[in-house]
Amino acid sequence: MSNFGGFLIEANLIGGQWAAADSGKSIAVTNPATGQVIGHVPDSGADETHRAIAAASAAFKSWSKSDLSFRVGLLHKLHDAILDQQETLAALLTAEQGKPLAEARGEIAIGAAYIRWFAEEIRRAKGEIVPAPTGDRRLLVTHHPVGVVGAITPWNFPSSMLARKLGPALAAGCTVVAKPATATPYSGLAWGKLIQDVGFPDGVVNILTGSARAIGGAIMASPDVRKVTFTGSTEVGKTLIRQSADTVKKLSMELGGNAPFIVFDDADLDAAVEGAMIAKYRNMGQTCVCTNRFYVQAGIHDAFVERLKAATAALVVGNGAEPGVQQGPLIDDAAVEKVEAMITDAVAKGGQIVQGGRRHGNGGTFFEPTVITGATSAMQFATDEIFGPLSAIFKFSTEEEAIAAANATEYGLAAYAYTRDLGRAFRLNDGLEYGLIGINSGLITTVEAPFGGLKESGMGKEGGSQGLEDYLSTKYVCLAGLKA
Ligand code: ADP
């Protein structure tokens, strides 16, 4: 079995040392495309987490005061090291997560880009000198690393989700205790090896695998962890927000979505279908910014459905490690059952399956990319995140109706719309209650822009200059008595 060039690491990184769980227990990690066990990672709990927090606290003392040029230099080395290993890390990512290799390569590249972005951005994290109300005073506003950061990441982007937490944390001078998702721990642990290889001081980054409740609970309870950054479900996010109250932590929460994708009659049909395919089927529909609901205006509805159906039928489903595959397996059985249940529910309420609709002939957790028309607000996918390769198409008549339907959810992460009317584009910007809005694009995540949701999709931003602010505390110092 491949050890992926030494990147298949089966230990926790605590204080610069790789170690098994205290109990000696481990958890098997399987390749969702083959069902085969790739390896085992530590089944750690609270004790290991306490030690990781202690290591991060100790390292914070010097790391937070280190020269900016030292940190920036290490981050650039880290960026280069990841790209040097892009093929190996992409293969590891596909093996544990299932996404096609081309998407895995892209995820490694954007992870590297986040590291570089924050290495650049920290050099511009300026403070302020504010005009004082009296002449004997100078008012300074200064930024400081927030402290030890707890980072909890999901299985759908196990490499880049950690990158956009590590990048700003390390640039700012924070130290980190990270917990990758149990289904996909290797891409997270690989960051630990890269970080050690390029020479970050011991304890600056600590990575643990194991019980989410125990590790998460210890991170949330610790007064030494000053910030927690989480990407995952709204349900778990709410738990963490509650748990943060006792120690009043700073929080960044990237939670669930229910993205609308609105196609107006005046849209460029080719562009809309191309954007729809990316926004819906990337990572087999398993991203928090994936389209959950297509709203298509009556005049373009049938043409759009015809084209989307054909493009969906043409998707190549298989093991993501094989050339040409565009759709891998879903992450696990529960994910398949959820999609099946949503299809059953929709059909019972009058929806029509025009493409796919069943488990794929490959078996396992492969599922046929599916298109359903005649969707209504009574169907389960109108309110719940699908997280699978199912396109649900609603028909609408007016712009007001589309915006109101798009906003009829407690989520507010990503929204997409296709129109050639500039005035409408600005009305959508004003009207859509979403943190990320793609007008005439189905793929808008980029390191330069702030990624983050409104409403129950979360708080805080990742990427952009805003992504750094979340890792900095602001202090105001008044220098008084300056008159001669
Ligand atoms: P997803 O299904 O997208 O992975 P989850 O919210 O279930 O979303 O998981 C995201 C991350 O949060 C994972 O690393 C998971 O192990 C972790 N997690 C799940 N439950 C808890 C919890 N109670 N406390 C802390 N972390 C948790």
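Cysteine 288 takes part in no disulfide. Its nearest cysteine sulfur belongs to cysteine 290 and lies 8.3 Å away. Cysteine 288 is buried at 13% relative accessibility, whereas cysteine 478 is partly exposed at 28%. Here buried means under 20% relative accessible area, exposed means over 50%, and partly exposed covers the range in between (1.4 Å probe, protein chains only).

The model is predicted, so local features need pLDDT of at least 70 and side-chain atom pairs count only at pLDDT 80 or more, while totals for chains, interfaces and linings use all residues. Residues are numbered from 1 along each chain as its sequence is written, and side-chain values use heavy atoms, with hydrogens and water left out.

The shell around the ligand holds 15 residues, each with a heavy atom within 4 Å of the ligand. The closest are Thr153, Trp155, Lys179, Phe230 and Ser233. Helix H7 (212-221), strand E10 (225-231) and helix H8 (234-244) each supply at least two residues of this shell. Helices (H or I, at least four residues) and strands (E, at least two) are DSSP runs, numbered from the N terminus.

Threonine 153 places a backbone N or O atom 2.7 Å from a ligand oxygen. In tryptophan 155, an N or O atom of the side chain is 3.1 Å from an oxygen atom of the ligand. Serine 233 contributes a polar side-chain atom, 2.7 Å from a ligand oxygen. The ligand has 540 Å² of accessible area on its own, and the protein covers 79% of that area. Accessible areas come from the Shrake-Rupley method with a 1.4 Å probe; for residues, only the protein chains shown count as cover.

Most residues other than glycine have a negative phi. Phenylalanine 4 has a positive phi of about 50°. It lies in the segment before strand E1 (12-14) and is buried, with a relative accessible area of 14%. Phenylalanine 387 also has a positive phi, of about 55°. Its place is the loop between helix H12 (380-383) and strand E16 (390-396). Phenylalanine 387 is buried at 17% relative accessibility.

Several other buried residues were compared by sequence separation and C-alpha distance. Glutamate 107 belongs to helix H4 (residues 101-121). Its relative accessible area is 2%, which means that glutamate 107 is buried. Glutamate 107 and alanine 163 are 56 residues apart in sequence, with C-alpha atoms 9.9 Å apart. Proline 100 lies in the loop between helix H3 (86-97) and H4. This proline is buried at a relative accessible area of 2%. From proline 100 to methionine 284 the chain separation is 184 residues, yet the C-alpha distance is 9.2 Å. Phenylalanine 294 lies in strand E13 (residues 291-297) and is buried at 0% relative accessibility. Phenylalanine 200 sits in the loop between helix H6 (186-198) and strand E9 (205-207). Phenylalanine 200 is buried, with a relative accessible area of 5%. Leucine 74 is 126 residues from phenylalanine 200 in sequence and 6.8 Å away in space, C-alpha to C-alpha.

Conventions:
Disulfide = S-S within 2.5 Å. Polar contact = N/O pair within 3.5 Å; in protein donor to acceptor, adjacent residues only side chain to side chain.
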